[in-house]
Amino acid sequence: MGSSRSPGEQAADEWAVRNVIVRLAQYADGLGSCEQYAELFTVDAEWLMPNAPRHGRADILEGSIARRAEGGVGPGSNSRHIVAATAVELTNDDEAVADSYWVFYVETNTAPKATLVGHYHDIIVRTEDGWKMARREITFG
């Protein structure tokens with residue numbers, strides 16, 4: 001496996017993959033719309049959080065809208081997803097696997113406190129519209 005692209009092309013691909021991961025966190029927190037969030041996924045993507053899996057971009061969008069409606073994320077929620085320690089492996093020219101640790105903070109406007117931590121295991125693929133999340137597996141702890 002691995003990429004047949006030049007080192008410069010591989011570096012650009014890795015940065016593009018990392019940007020998808022970061023933008024998902026930022027858009028979940030309200031720097032983008034639910035639609036922008038969902039557009040970062042492939043049409044047939046899997047979003048696999050324990051007890052709340054979503055299948056397909058439309059279902060992922062529905063979940064994003066529902067989470068915002070509950071008030072725990074999005075504009076005015078004073079919450080933040082912090083993504084750190086991301087490792088990216090280009091498995092071929094059009095696919096990457098990434099593993100990241102994440103921390104979810106609440107009350108970021110007063111006394112920030114971490115309420116959840118976990119791990120993302122992501123598969124990101126190159127599409128006609130750029131790199132998109134094809135599968136995100138979320139674990140807690």
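Which residue in β5 is the bridge partner of A96? The partner is I124. Helices (H or I, at least four residues) and strands (E, at least two) are DSSP runs, numbered from the N terminus.

This is a predicted model, in which local features need pLDDT of at least 70 and side-chain atom pairs count only at pLDDT 80 or more, while totals for chains, interfaces and linings use all residues. Residues are numbered from 1 along each chain as its sequence is written, and side-chain values use heavy atoms, without hydrogens and water.

Six strands make an open sheet of mixed pairing, in the order β2-β1-β6-β5-β4-β3; two strands pair if DSSP finds at least two bridges between them. At the edges stand β2 and β3, each of which pairs on one side only. Twelve bridges join β4 and β5 in the antiparallel sense. By contrast, β1 (residues 41–48) and β6 (residues 130–140) are parallel, with four bridges; here L48 has E137 as its partner in β6. β1 also pairs antiparallel with β2 (residues 54–55) over two bridges, and E46 stands opposite H55.

Helix α1 lies across β1, β3, β4, β5 and β6, at about 150 degrees to β3. Contact means heavy atoms within 4.5 Å, and angles run from 0 to 180 degrees between N-to-C directions of axes fitted to C-alpha atoms, for helices over the stretch in contact.

The largest nonpolar core has 25 residues. Such a core is a set of buried Ala, Val, Leu, Ile, Met, Phe, Trp, Tyr and Cys residues joined through side-chain atoms within 4.5 Å, where buried means under 20% relative accessible area (1.4 Å probe, protein chains only). α1 gives the most to this core, six residues.

Conventions:
Buried means under 20% relative accessible area, exposed over 50%, partly exposed in between (1.4 Å probe, protein chains only).
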